[in-house]
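I opened the model today to look up a sheet, a helix, a surface patch and some aromatic rings. My notes follow.

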Amino acid sequence: MGKIRLTTAQALVRFLDNQYLSVDGTETKFVKGIFAIFGHGNVLGIGQALEQDSGDLVVLQGRNEQGMAHAAIGYAKQKLRREIIACSSSVGPGAANMITAAATATANRIPLLLLPGDVFATRQPDPVLQQIEQSHDLSISTNDAFRAVSKYWDRVSRPEQLMTACINAMRVLTDPAETGAVTLSLPQDVQGEAWDFPEYFFQKRVHRLDRRLPTAAQLDDALKLLARKRKPLIVCGGGVKYSDAGEALRQFAERHHIPFAETQAGKGTIISDHPLNVGGVGETGCLAANLLAKEADLVIGVGTRYTDFTTASKWIFQNPDVSFLNINVSNFDSYKLDGVQLVADAREALTALDSRLAEQGFSSGWGEQIDQAQSKLLKETQRVYQVAYSGADFIPEIADHIDREALFAEFNRLTSSFLTQSSVLGTLNEQLPKNSVIVAAAGSLPGDLQRVWRNKDYNSYHVEYGYSCMGYEVSASLGVKLAEPHREVYTLVGDGSFMMLHSELVTSIQEGAKINVVLFDNMTNGCINNLQMEHGMDSFTTEFRFRNAEGGKLDGGFVPVDFAAIAAGYGCKTYRVTTLPQLKAALEDAQKQTVSTLIDIKVLPKTMVHKYFSWWHVGGARVSTSERVDAVAKMLDEHLDQARKY
């Protein structure tokens with residue numbers, strides 16, 4: 001048996017460079033490269049290894065550890081989980097910065113390999129710089145915080161441990177049912193230690209994503225359930241997209257005349273104009289899907305984990321006889337909502353179910369209701385896209401508690417803008433290139449997009465809403481662009497989320513990976529401002545206002561920010577927009593640019609799209625000095641009585 005003497009870090013780099021994934025006979029290099037921000041905990045270990053011989057791995061320089069990890073998530077998600085970029089950080093705060101990204105990846109079932117530096121295994125220099133000392137357990141470091149948000153966690157405290165750690169890391173990263181964040185903690189002294197590794201450890205490894213087939217017994221259970229149902233509704237989750245099951249779902253739906261609704265992760269699998277695509281469902285669902293959801297007697301969840309936004313806190317499916325058929329590669333997800341389980345790859349399950357169901361001559365009993373719901377959705381979408389400030393109205397729960405005209409006038413004095421958020425979205429939906437990709441995450445934009453955005457191309461909708469992570473948008477857009485350089489990428493982001501994290505905008509300039517940041521500035525954390533007000537509160541520390549010298553509260557004037565100036569300082573081409581003609585001109589010019597762009601759009605607060613027949617279970621106060629808050633508490637209890645308990 002041949003051996004080769006390498007440091008732990010050198011062996012890790014060589015191993016990663018030889019990992020491949022095979023899906024349906026197509027073999028792809030699994031690890032594209034490594035994002036790195038070097039500090040004392042990794043620069044002389046992994047840094048030295050990459051400088052000496054990085055093989056075919058591309059080394060990318062991050063600006064913020066969370067940001068670069070979000071970029072890696074965006075890359076893997078856009079690549080349908082078939083390629084990844086690993087992330088290396090230093091010890092201490094560098095590692096801690098990646099914890100949020102680890103949680104984002106795990107919540108969304110996206111493969112993310114994190115390689116944080118760690119404190120000395122020998123403990124000779126304890127406490128080393130940036131080390132946390134826990135007097136009750138000296139084995140604890142910052143990296144132990146990753147345990148709660150990782151699908152696999154390991155600490156390589158000896159060079160020979162690297163081998164089993166790496167094999168297990170690949171096992172999880174390439175498993176569609178178990179994937180998420182994988183954290184390999186690397187003590188900085190061990191990174192540089194040498195050992196005689198067996199040569200076979202570095203052989204080319206092909207990890208096969210074999211499609212799990214449905215069992216005959218589970219297919220029989222599914223068919224028996226379908227046979228006694230008349231109004232089934234498919235919920236298309238992210239698993240449909242990742243398994244390349246869009247065509248199978250389309251054929252299944254068409255043959256049996258079954259409408260399909262979309263989750264945030266599933267949206268974009270099939271274009272919005274398909275006659276059976278009734279749009280987003282749930283708390284941020286659209287008019288059509290939510291109308292049908294209330295009547296459905298069977299919900300066929302395909303590749304969805306049934307988040308509370310998809311089910312409107314298990315409330316949206318109001319038919320007393322509703323049942324659930326859960327098609328999922330994850331046994332864990334298949335048991336949700338007490339459903340009938342069909343544990344299999346989405347494409348294989350739909351194909352098998354389609355064939356068996358056709359033999360029975362099954363067709364749904366929706367009749368013309370699907371077309372009627374679609375017609376209502378299109379009319380509502382057109383209405384929303386054309387709402388000007390004079391026609392904008394607040395959600396009913398807050399309309400009586402705020403002076404709309406005074407608010408709009410104050411905003412206009414600072415910005416010269418009367419643009420509504422929904423009209424800006426309408427212009428974007430009309431003007432953006434058909435094959436472009438939009439990226440969004442937290443705030444009010446994901447809700448608006450799921451309700452009224454019309455997808456025109458496959459995999460053109462990239463919205464992170466499993467963790468609703470502010471700061472994901474700009475970084476993930478870089479990852480999307482690295483994944484698909486030929487497509488224009490548009491970051492749809494609010495001012496609050498942009499201020500939280502946009503560091504990788506600089507990396508996009510450095511790499512020549514052009515992204516287009518479309519920034520909605522309403523000087524408010526608008527989504528949460530709406531949430532607090534519709535639940536009985538006033539605006540409290542969710543609008544961006546100066547501290548008022550008279551009362552000492554944050555209820556003074558709005559705090560204006562010139563976001564275009566910030567991006568221009570980074571080297572972006574920038575635009576300031578206060579009218580729709582200006583927006584159209586900016587979009588047209590941005591397409592001609594070769595560097596990243598930022599369009600700073602001033603939009604009136606509280607002009608997002610309203611909800612449609614949905615409810616969300618939030619933790620409202622059960623005792624207060626406000627009649628409004630008390631009334632909301634009563635409403636919450638009434639809705640909770642109508643929701644499923646598990």
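Strands here are DSSP runs of E, at least two residues, and helices are runs of H or I, at least four residues, numbered from the N terminus.

Before going on, I noted the ground rules. This is a predicted model, where local features need pLDDT of at least 70 and side-chain atom pairs count only at pLDDT 80 or more, while totals for chains, interfaces and linings use all residues. Residues are numbered from 1 along each chain as its sequence is written, and side-chain values use heavy atoms, with hydrogens and water left out.

**Sheet.** I traced the strand holding that pair. Strand β2 (residues 19-23) is joined to β11 by 4 bridges, and the two run parallel. Two strands pair if DSSP finds at least two bridges between them. I then read the order of the open sheet: β3-β2-β11, 3 strands with mixed pairing. At the edges I found β3 (26-29) and β11 (205-208), each pairing on one side only. The twist from one strand to the next averages 30°, with axes fitted to C-alpha atoms and angles from 0 to 180 degrees between N-to-C directions.

**Helix α1.** Buried means under 20% relative accessible area, exposed over 50%, partly exposed in between (1.4 Å probe, protein chains only). Among the buried ones are T8, L12, F15 and L16.

**Aromatic rings.** F15 turned up again, in one aromatic cluster with W195, F197, F201 and F202. Rings of Phe, Tyr and Trp (its six-membered ring) pair if their centres lie within 6.5 Å; planes under 30 degrees apart count as stacked, over 60 as edge-to-face and the rest as tilted. I counted 14 aromatic pairs in the structure. Why is the pair of Y389 and F418 stacked? The ring centres are 4.0 Å apart and the planes lie at 10°, so Y389 and F418 count as stacked. The pair links distant parts of the chain, 29 residues apart. Y389 sits in the loop between α15 (369-385) and α16 (396-399), F418 in the loop between α17 (404-415) and α18 (421-431). Y389 is partly exposed, at 32% relative accessible area. F418 is partly exposed too, at 31%.

**Loop residue V43.** I placed V43 in the loop between β4 (31-36) and α2 (46-52). V43 is partly exposed, with a relative accessible area of 34%.
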